Each structure stands twice: as C-alpha cells, then as structure tokens.
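Student: I would like to learn how to read a protein model step by step. Could we begin with strands and then move on to the other features?

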Amino acid sequence: MQATGQTPIEPVPEAGPGGSENPILVLDHLQTHFRVRTKLFSPTVGVRAVDDVSMVLGKAETIAVVGESGCGKTTLGRTSIRLIQPTGGRILFDGQDITNEKMKNLMWLRRKSQIVPQDPYASVNPAFTVFKILEEPLIVHHIGDAAERSERVRKALTSVKLIPPEIFEPKFAHMLSGGQRQRVAVARAMILSPELIVADEPVSMLDASVRVSILELLRNIQEQERVAFLYITHDLATARHFANRVCVMYAGKIAELGPVAGVLNEPLHPYTQALMAAIPDPDPANRLRKIAALPGEPPNLVDPPSGCRFHPRCPIARAGLCDVEVPALRELRPQHFVACHLAT
Amino acid sequence: MPILSVRDLFLHYRTRKGVVRAVDGVSFNLEHGQSIALVGESGSGKTSTASAILRMLPRNVAKYEGVVEVDGKNLMELENEEFRTQVRWRLISMVFQGAMNALSPMIRVGYQVAEPLMIHMDAAKDEALAKAEAAMESVGLPRYTVNRFPHELSGGMKQRVVIAMALVMRPSIVILDEPTSALDVMTQANIMNLLKQLKEDEGLSYIFITHDLGLSSELADWVGIMYAGQLVEFGPADIVFPKPSHPYTQKLLSSVPRLRSDTRPDSIPGTPPDLTAPPKGCRFHPRCPFVFDRCTTEEPPYFGVNDRSMCWLLAPGA
C-alpha cells in the first residue's frame, strides 16, 4: 500500500521481514513537543520529548524502542497511536494518515491498536472482575452479543494461558499475582484482534522468573496472530530476545536503529556502546572490572545541547563538529542506521 | 574470624492467613572486606533477613531467634536499647529500598547525613556537618550538594546521599537493599562503580540485596540464593555463576535474558510458594525438574563444602 504520497518518506529505514511494502506504522519526522511551566505563573517552555523521529514498522514486526527514562520512548509509543497529539511530522497507520484526524473518526484505530501498560497493579480496574475487564472493550466497540462476547473472553484467557478460564473469569485483580495480572492486560489488548500493540515496559515490574514467561507469551501471540509490536523498554537484554529490530533513543532522537543482531553485536553509536557496557550479564568476573559508565545525566529537553545531543557526555566527541552539527541517520551497515558523525 | 556470622536465623510473622515463615533457618558468614549478594524473587525473604539482622521488627512477629554475631559478639543477647545505640549505624548500617525517596523534603541533605552523628555520637553540629561533607565527598558528590534540598538533586545523586548517610558513622557492615532498582542503567553503573571503589579503598564489607542476578555479579564475592525463606544455595561467585549446584539457581540463571549471547531465556514453571504453608520436604520440589521421592517428604540439609546447597541431588550416593 502506498502512503498517501505527498512528501516522500525519506531516510526512513526499510521495515523488517515483509514490512517494507506494507508497513503497519510509518512515522515521518514525528515531533511531540510539550508546553510546560517550570514554576507557577512562569511562561511556558517547550519540552522536545520526541524530535524528528522517522521509522517504519512492518506488519507482524517487533521494534524495541530502548532508552533511559526521559528519552522520549514512552511519548513516542503513545504518539504513534495518537494517544498524544504530535506537534509535527506525520503518522501513517496501515497507509492512512492519522496525524490530524479527529478523535471521533479514530474509533477504528482504537480497535486496531492497543497498549499493554507497565504496571499490572495500576492498569486494571480493581472493581471489575477479569471477565468484565475483558468484555468491556467488546462492548465499547459493539462487538457480538453476550454469548459471543463470553466466548471471545474465554478464548482470550486461554490464549494467555489463564486456564481454565472459568476459574479466572470471576476473579478480581487483587486475587491475581503480578504475572497473572499482566496476562489479563495482554488478553485485554488482544481481544479486539489489533494489528499493532504498544507494549510499554510490560515486564519491568515483574519478577525474573515471570518476566520471561510473559515475553514468551507476547512472542507466541505475535507469531500466531501476526501482530506488530512497539516494545518500549530500558532493557536491551530483553529486547535482544523479543524484537526483530532495535531503536536506541537518546534525548528525544533516534541514536541507532537496526536489526537486533547488528546493533547488539556491533553497536556503532557511542551511546549504545556505553549502554551495553552498563548492563551486566551474570558473570563473576564483573566484580573485578570498572564499568565504563558515562558521566553526567541525560540532558534537559527544554534546552537540549546543540549539535549532537549526546556530545557533552560522548567519549569521542569532536569539538567544532559534534557540538555544532546535528548528525543525520546514516546507513552504515545494511539496514543499520546511526546518527553519529564519527561512527564508521 | 568472619565479621558477621548469621546462624539459624528465624523470623516469622503472624498474619490472618497464618504464620508467614519469611526467614526460616538462614545461616551464612560475611568475611572482612568482602561482599555477599542475596538474590531472590520478591517474597523470598531477602529484606526480612536484613530486618532480622538489624532487629527491625514489625509488631506481628511470631518467632524471632538465631545467632547474629559481629566480630564474635552475639547481638541477639543485647537489650533493645543497647542494640539501638551500639549496633545500628555504628556497627551495621542499612540503605533501605527506595530510601532516596524518603529523604525529608524540607531539610538540606547535608544536615540529614549529619543527623546520625548528632544522635548516636553526640557530635556537635559543626563537627557532624564537616563529617557529613567528607562522607558525601567520598561518594562522589560535589561539595555544594551539602546545602541542597532533595528536590534539587537527581535520582542518582539522592541515592549517593543515602549511601553517604549509611557510611557517615563508619560502620563495619553495610546492608544495601536494592540500591539501584529505581535508577536508570547508566546511573546504576555509576553507583556500582562507587560501591566497588568503596570496598577497595575503605575495605567496606557489605550485603547487597537484589533480584537481578546480572547486577549481583557486579558486586558479589559470595552469592546467596534465597527461595521461600531459605538460603537454598550459598557459595563463592566464581562457583555459583558458572556452575550453580541448586536446581533453582540453575533455573534462575537460565531465566536471565542475556545481552551478549543468543541463548534464549527459559522460564521457570509455577509460582513461588505461599509462605504460610510451604511445600513439605524441599520447598522447590513442586517446580523442580529433577524432583524424586525423597524431595517431597524430607527437607534437605546443606550439601557441599565451599558452595553449599539444600538439595537431595547432592547427597552422597544420590
């Protein structure tokens, strides 16, 4: 399907498997700036949470958006399905421009895109039974009669391995463990058979042994139902095992974007390299090393650094270049894009 | 002689559902200048073990016994008041989970770091503040932070403040409960570097509580794996990480998504047990892939010398 075809969509990387001709989501120079007040009565200032981000997500593809808190990854996820109104650029969902569409015309989008939130304790209504939590989206979207709906709820519960469904249907959220609650959240996201799921740190609140089973579940769902995922996380290690491609964000911009194996086996951006060095795999030799951690903190997005936003913390920054010129995303390896002047 | 020796420590809580056996016969030694990582999932009794060592007990204690020796002196024999004045902060200090969010918002952080000195050592205010400043410098905080309020500091800086607070009385042992769980990876890496450096420079001995096996390998000379209130495996990091002996440790290690290898993480079937009614025999047996008859009836003792595990598979002749 051709995008509505006004401005050409450039240096947007090609999508992964099967996605390039028929992407589910195209972000074209997307910008989300917020107006905030730093003090009561002070004039508002702009926070450039997402600044000029372009990417293409193929159908049934998973891109992991990785970065530290405040890098704009959650804003990017929420903007891509119009939970936040972008301030610039375009969003194409399944070929349709949804950037400025009125909310009331976007009911179809609410069915085709879903979100799995971070906190399984806060994201489900405590006064609803599991059955009601899952039935609600069907009622809102006028799907089926009562009998059909309860059939779909049963199927959804089975697909997230809450078996037998009759046991879980009458339960309230507080009667479930964290992992079970997150399974309910996944079932709720799946029940409308969406084509895109934005999963915002879906496992960060869960224990190690449960975390893997939820990621396995999401992966199975993706393979069986051919859903695309925008997997938002701070954890590169889970991204490696769940995503097709990784998008590393820093200070509202894409630093590096490429196939998982490419980015993690040969990180080209100094930020990605530092991020990887900071994440330990269990290895007794770790205690004998000093981590090459970056000094300082991520920049304030009200007044981000000039040039490359990473330059004040970058170990290889070159004065006169990195602090002046904004680096473009360059394809340094096949499908592997890096926004760094010095990466080769 | 170990600096800290914990033997047969029990801490049970009374609840409406019954007695929760949060710490159930935990024993380990901490040597001078070394560190132990206590690793386990939520509810495995890691934090309760720390509370039991520092005698910070809720009201609903059903059973609290065992031996906690520091430099050969049994702390369990002390009166509460003696314990408060002689042990807490002076001998053993603790960085609580989320402590950085518990800093008082209205008091300058320098004063908050100095407070234990004024309360426990009757130090004069000026002297205490000077020591606080030194402690804050030792954790890599710039001088001016002394006069800042918590809201003016970033998460990583606040975490450094609470670590400085734990160090200000120069205790022999520091217990750190998930000191980086709310921080970003880069900040976490900086805190890890700091803790390594403190251990090297000042010979600090510490117990580091975490649910993250990768992170535990950053700091641990010794690793203790907790499951259902018990320390199911305890051994040197050089053995436990490459060659864990307890099936739970093996499963836990294989459930960690690796950043540097394509080995797919494996999930552990089942859920941790209810500590009001833990399974008979070995507490891990309902989830264990190697379970056999004996596991379901008899609780395993420790087997192994250097790396010890509660598992019948390791019994001689098994």
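Tutor: Two strands are said to pair if DSSP finds at least two bridges between them. Please keep in mind that this is a predicted model.

Student: How many bridges join β10(B) to strand β12 of chain B?

Tutor: There are two, and the strands, of which β12(B) covers residues 308-310, run antiparallel.

Student: What do β9(B) and β10(B) form, and how many residues lie between them?

Tutor: They form a hairpin with two residues between the strands, and in its turn Ala228(B) has a positive phi of about 50 degrees. Strand β10(B) itself, residues 230-236, is mostly covered, since six of its seven residues are buried.

Student: Why does Thr49(B) count as buried?

Tutor: A residue is called buried if 20 or more other C-beta atoms lie within 10 Å of its own. Thr49(B) counts as buried because it has 26 C-beta neighbours inside 10 Å. This residue sits in helix α1 of chain B, residues 46-53, and, leaving out residues up to four places away in sequence, Thr49(B) touches Leu9(B), Val23(B), Val26(B) and Leu38(B). Although Leu38(B) is eleven residues from Thr49(B) along the chain, their C-alpha atoms are separated by 9.4 Å.

Student: How should I read a nonpolar core?

Tutor: In soluble globular proteins, nonpolar side chains tend to be buried together. Here the largest nonpolar core has 185 residues, and among those with the most contacts inside it are Tyr231(A), Cys247(A), Val113(B) and Ile175(B). Helix α5 of chain B, residues 155-167, gives the largest share of this core, eight residues. If neighbours within four places in sequence are set aside, the contacts of Ile175(B) include Ala50(B), Ile53(B), Met94(B) and Tyr206(B).

Student: How many residues does each chain give to the contact between chains A and B?

Tutor: Chain A gives 33 residues and chain B gives 39. On the side of chain A that touches chain B, the elements giving two or more residues are α7 (208-225), α8 (236-242) and α10 (270-278) of chain A. Sorted by class, that side of chain A has 16 nonpolar, eight polar and nine charged residues.

Key: Residues numbered from 1 in each chain as written. Chains lettered and ligands numbered in written order. Predicted model: local features only at pLDDT ≥ 70, side-chain atom pairs only at ≥ 80, totals over all residues. Buried ≥ 20, exposed ≤ 12 C-beta atoms within 10 Å, placed from the backbone. Helix = DSSP H or I, 4+ residues; strand = E, 2+ residues; numbered from the N terminus. Contact = placed C-beta atoms within 7 Å. Nonpolar A, V, L, I, M, F, W, Y, C, P; charged D, E, K, R; others polar. Core = buried A, V, L, I, M, F, W, Y, C linked by C-beta atoms within 7 Å.
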